Amino acid sequence: MKKLSLRTRVVTGAVVVAALGAGTVGAMSANASSPAAAPAAAVKADPDHRNLQQTTHLTVAAATKAAQAALDAAKKENQRVSVAVVDRNGTTIVSLRGDGAGPQSPESAVKKAYTAVSWNAPTSELVKRLEQAPNLKDIPGTLFLAGGAPVQVKGAPVAGVGVAGAPSGDLDEKFAKAGVAALGR
């Protein structure tokens, strides 16, 4: 097979690029001039909603209210903490890092909130469960330290509030519960 010269390879490459560019522009122009297709009608595969489940979630405003209330409660006691509010799935809705809070506190607050909503219990109670099941602490994303409180609607967990950074978990949990209580006002 004959080896092509550098000039032939460059010219051939330029022709290929130009052809591809012209084809792309032509396709885009054709699409731009074509009328938009009518959207497909929605298919009702489950008219009786037997395969659907409704859940309750906090709004961003409610989560922010809870987080700010927890942060304010900590501030009244001169504590520098971070607060996180997660939804039922453990996804962070709001995270506030208080002035002067330690660098570990935002992540710890999220993990405490996640742990509280996952087991629908304050994390101080869950710490006691580690005595019977020490491997619980190995579940990813959890933190079995006091400072997390679940938000419940009719006894079911819908969110979790986590606080971290105070010198004791009891204080963290006190502030988290203040955040939950703010939702009832």
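Q: What makes Glu77 and Lys174 a salt bridge?
A: The rule asks for a side-chain nitrogen of Lys or Arg within 4 Å of a carboxyl oxygen of Asp or Glu. In Glu77 and Lys174 the closest N and O atoms are 2.5 Å apart. That is within 4 Å, so the pair is a salt bridge. This is a predicted model: local features need pLDDT of at least 70, side-chain atom pairs count only at pLDDT 80 or more, and totals for chains, interfaces and linings use all residues. Residues are numbered from 1 along each chain as its sequence is written, and side-chain values use heavy atoms, with hydrogens and water left out.

Q: Which parts does the pair Glu77 and Lys174 tie together?
A: Glu77 lies in the loop between H2 and S1, and Lys174 lies in helix H5 (residues 169-182). The two parts are 97 residues apart in sequence. Helices (H or I, at least four residues) and strands (E, at least two) are DSSP runs, numbered from the N terminus.

Q: Why is Glu77 called partly exposed?
A: Buried means under 20% relative accessible area, exposed means over 50%, and partly exposed is in between (1.4 Å probe, protein chains only). Glu77 has 32% relative accessibility, so Glu77 counts as partly exposed. Lys174 is partly exposed too, because its relative accessible area is 44%.

Q: How do you know that Asp172 and Lys112 meet in a salt bridge?
A: Their side chains come to 2.9 Å, N to O.

Q: Are Asp172 and Lys112 buried or exposed?
A: Asp172 has 3% relative accessibility, so Asp172 counts as buried. Lys112 has a relative accessible area of 4%, so Lys112 is buried as well.

Q: What makes Lys111 and Glu107 a salt bridge?
A: The closest N and O atoms are 3.3 Å apart. Lys111 is partly exposed, because its relative accessibility is 28%. Glu107 is exposed, because its relative accessible area is 51%.

Q: How many salt bridges does a search of the whole structure find?
A: The search finds 4.

Q: What is the phi of Asn78?
A: Asn78 has a positive phi of about 55°, although Asn78 is not a glycine. Most residues other than glycine have a negative phi. Asn78 lies in the loop between helix H2 (60-76) and strand S1 (82-87). Its relative accessibility is 66%, so Asn78 counts as exposed.

Q: Where does Asn120 lie, and what is its phi?
A: Asn120 lies in the loop between helix H3 (105-119) and helix H4 (123-129). Its phi is near 50°, a positive value in a residue other than glycine. Asn120 counts as partly exposed, because its relative accessibility is 23%.

Q: How many helices and strands are there in the protein, and in what order do the elements run?
A: There are 5 helices and 4 strands. From the N terminus on, the elements run α-α-β-β-α-α-β-β-α.

Q: What share of the residues is buried?
A: Buried residues make up 32% of the 185 residues.
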